[in-house]
Amino acid sequence: MANDLLTRLRTLTDSRIGLERAGGSLTTADWLALRAAHAAARDAIHAASGQPVIPPPVGYVRSRCQNRQQYLLRPDLGRRLADDAELPAGPFDVALVVADGLSPLAVSRHAAGLVGALRNSLAEAHLTVSPVIQVAQGRVAIGDEIGERLQARLTVVLIGERPGLSAADSLGVYLTYAPKAGRTDAERNCISNIRDGGLDIPLAARRTINLIEAALARQLTGVQLKESAHALKPAMAPALAGPLDRLPPRRDRLS
Amino acid sequence: MQPLKTLLAHASPLRSGDVLAGVAAETEQQRVRAQMALAEVPLTRFLSEVVVPYDDDEVTRLIIDSHDAPAFAPVRHLTVGGFRDWLLSPQANATALSALAPGLTPEMVAAVSKLMRVQDLVLVASKCRVVSKFRNTLGLAGRFATRIQPNHPTDDPRGILASTIDGLLLGAGDAVIGVNPVAEDVGSVSTILHLLDRFRAQYEIPTQICVLAHVTTQQRAMDAGAPVDLLFQSIGGTEALNRSFGISLKLLDEAWQQTLELKRGTVGDNVTYFETGQGSALSADAHHGVDQQTLEARAYAVARRYRPLLVNTVVGFIGPEYLYNGKQITRAGLEDHFCGKLLGLPMGCDVCFTNHAEADFDDLDTLLTLLAAAGCNFVMGVPGGDDTMLSYQSTSFHDALYVRQLLGLKPAPEFEEWLTREPEREWRMIS
């Protein structure tokens, strides 16, 4: 009876249910599949950071982290620009920032496409856009310092999200109105899970543009700025809710 | 003389969160000197010198005001080092340790844990016996329980039930069937509560249901008639951290009373489930310059007030800036289990890691095995060890079977009886 039941149950969730047993343990095939998924996530996190993937105009900068290990250990340094970072002169309506975050793989796969779509839409909306500032070893909040120095009204940070076992190449977008060092995560809006099989690039771009226009009109981002429901396909609504943390103040963990 | 706060921080075995906070010892020799100095500190000093000011912090007030002096009497004359030796002696048996628990403060147990190596943490914890009851009896000798954690990325009811049935078929779920919800609104939380309660009732499963939403959300759900077995909340070791969680002792008092009044337990009335984890205070900028392990132990003082069914230290979830690698995660998990047990709590552990920590399934197995040897009350059961909602790796139903085989451990007695009662039980998805 169990096999029929498990076959049916397996259609109801992507979780690893109905796994067979070797004694009480995972079978060889299931164990190696789990290991392979973890290996993909590990390789995504430790892929080379700051690779040139965006068409010009692009400026390249670094955070204060010297390497990946320091990035993982010192989130404070990943939120600050290196002393020698050079940025173009502002002002701009929108500062576009691309940071590897925890998945350089996500940036190399999806950032160029999303930047292209955003540049087109922002030009149509007659908004001025900064050259893309691509940051090696950067966290979300580094966009605050960059946006402040570019005299931007709003910063859009594209960043690689923490790889999970089901997807190692998920890109996130964070919007911060009136960026300056010291902004908190409660003052940002986030669009998550941009990848093949997740949120596709055209819809991600449309949602980002809608949020940018709403943020500039209302002069804020954060918990008070909600995405309008009609901007979303019904099927995408769940993607609005990113993975919840058990420990609420740790939302920056994703980056 | 160095303040206790500094001594405790310097004596703490190396972990990245204390370095990040700027409170760690700068060299290994400084660390051992601090441990030697800490070994000479009389336990009574912890009653007069607090690590977070009494006037500023209700957790400190709770610790000091609820201290049980008669229970403390058997070890009152000892130093921290002498306390370690006493704990390892045959005098410190299950009865003595149970009687001592209300006389110990979190800072005392944190201090002694810092002088202990892994074998000490395992051996002493294994002598503690903390039993809690709701619809079954957890924490008995020779028993090892699991939470089914049937999370789903969109809270889909059928997906949640599918993972739940998978866990039950593998003998998991005696600690709790507990869902981390994606949506935090009262309606969604109530929907999952009703779903799992009907399922539990239909199959007469002697276990408890919990949806791990914010305590106020669970209160509103109870107001609306939702079946809340266990009241859940994340808690921490300082008032400021708890404020960042949106809670206070007063709020927890009210929610606890409300849950008790439902009288849903059949064999006991331990109605709370708490989660904790080293590093949360620093991440909320609420650490007062105290090391993360001492603050974690202080969270257990909060838990203790509410006679919990389950306390779960989520040890590898927070990320490498707090616990960098398998070694640090392993040590932290054993410390938390030890400290909680000494303070009289029914400790379990989410043995887990994230993909950006320097840890893997071998590290998970090591900590799981050590905790089981230490008499840990329960661990998580996640399908295949891969939580597709929270995106991290924890222990699987199969991992629990490994432990039960290895050490001859069984589920809670009521649950074990249920598992064997009807071997050809026919599962139907409720509509």
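**Exercise 1. What covers helix α20(B)?**
Work out which residues of α20(B) are buried and what covers them in this predicted model.

*Solution.* Start with the helix itself, which runs over residues 397-407 of chain B. Its buried residues are F397(B), H398(B), D399(B), A400(B), L401(B) and V403(B). Now look at what lies over them. From chain A, the cover includes β1 (21-22) and β2. From chain B, β3 (145-148), α11 (157-169), α19 (361-373) and β10 (378-381) are included too. Finally, step just past the end of the helix: G408(B) there takes a positive phi of about 65°.

**Exercise 2. The side of chain A that touches chain B**
Find how many residues each chain puts into the contact, and say which element of chain A gives the most.

*Solution.* Begin with the head count: 42 residues come from chain A and 48 residues from chain B. On the chain A side, the elements that give two or more residues are α1 (2-10), β2 (25-26), α2 (28-45) and α3 (68-73). Of these, α2(A) gives the most, with six residues.

**Exercise 3. Two helices crossing**
Describe how α12(B) and α13(B) are placed relative to each other, and list the residues that make their contact.

*Solution.* Take the geometry before the side chains.
- Helix α12 covers residues 186-202 of chain B and helix α13 residues 215-223; their axes come within 9 Å and cross at roughly 70°.
- An angle from 65 to 115 degrees counts as roughly perpendicular, so α12(B) and α13(B) are roughly perpendicular to each other.
- The crossing of α12(B) and α13(B) is right-handed.
- α12(B) contributes V186(B), V189(B), S190(B) and L193(B), while α13(B) brings in T217(B), Q218(B), R220(B) and A221(B).
- By type, the contact of α12(B) with α13(B) has four nonpolar residues, three polar and one charged.

**Exercise 4. Chain B as a whole**

*Solution.* First tally the secondary structure: chain B has 21 helices and 12 strands. Its radius of gyration is 21 Å, close to the 22 Å that the globule rule gives for 431 residues, so chain B is as compact as a globular protein of that length. For the extent, the C-alpha trace spans about 65 × 45 × 45 Å along its principal axes. Next, burial: 60% of the 431 residues of chain B count as buried. Last, look at contacts in chain B with a separation of 6 or more: 78% of them join residues 24 or more positions apart.

Methods
Residues numbered from 1 in each chain as written. Chains lettered and ligands numbered in written order. Predicted model: local features only at pLDDT ≥ 70, side-chain atom pairs only at ≥ 80, totals over all residues. Contact = placed C-beta atoms within 7 Å. Helix = DSSP H or I, 4+ residues; strand = E, 2+ residues; numbered from the N terminus. Axes fitted to C-alpha atoms, helices over the stretch in contact; angles between N-to-C directions. Parallel < 35°, antiparallel > 145°, perpendicular 65-115°, else oblique. Left-handed = near helix turned anticlockwise from the far one by under 90°. Nonpolar A, V, L, I, M, F, W, Y, C, P; charged D, E, K, R; others polar. Rg over C-alpha atoms; globule rule 2.2 N^0.38 Å. Buried ≥ 20, exposed ≤ 12 C-beta atoms within 10 Å, placed from the backbone.
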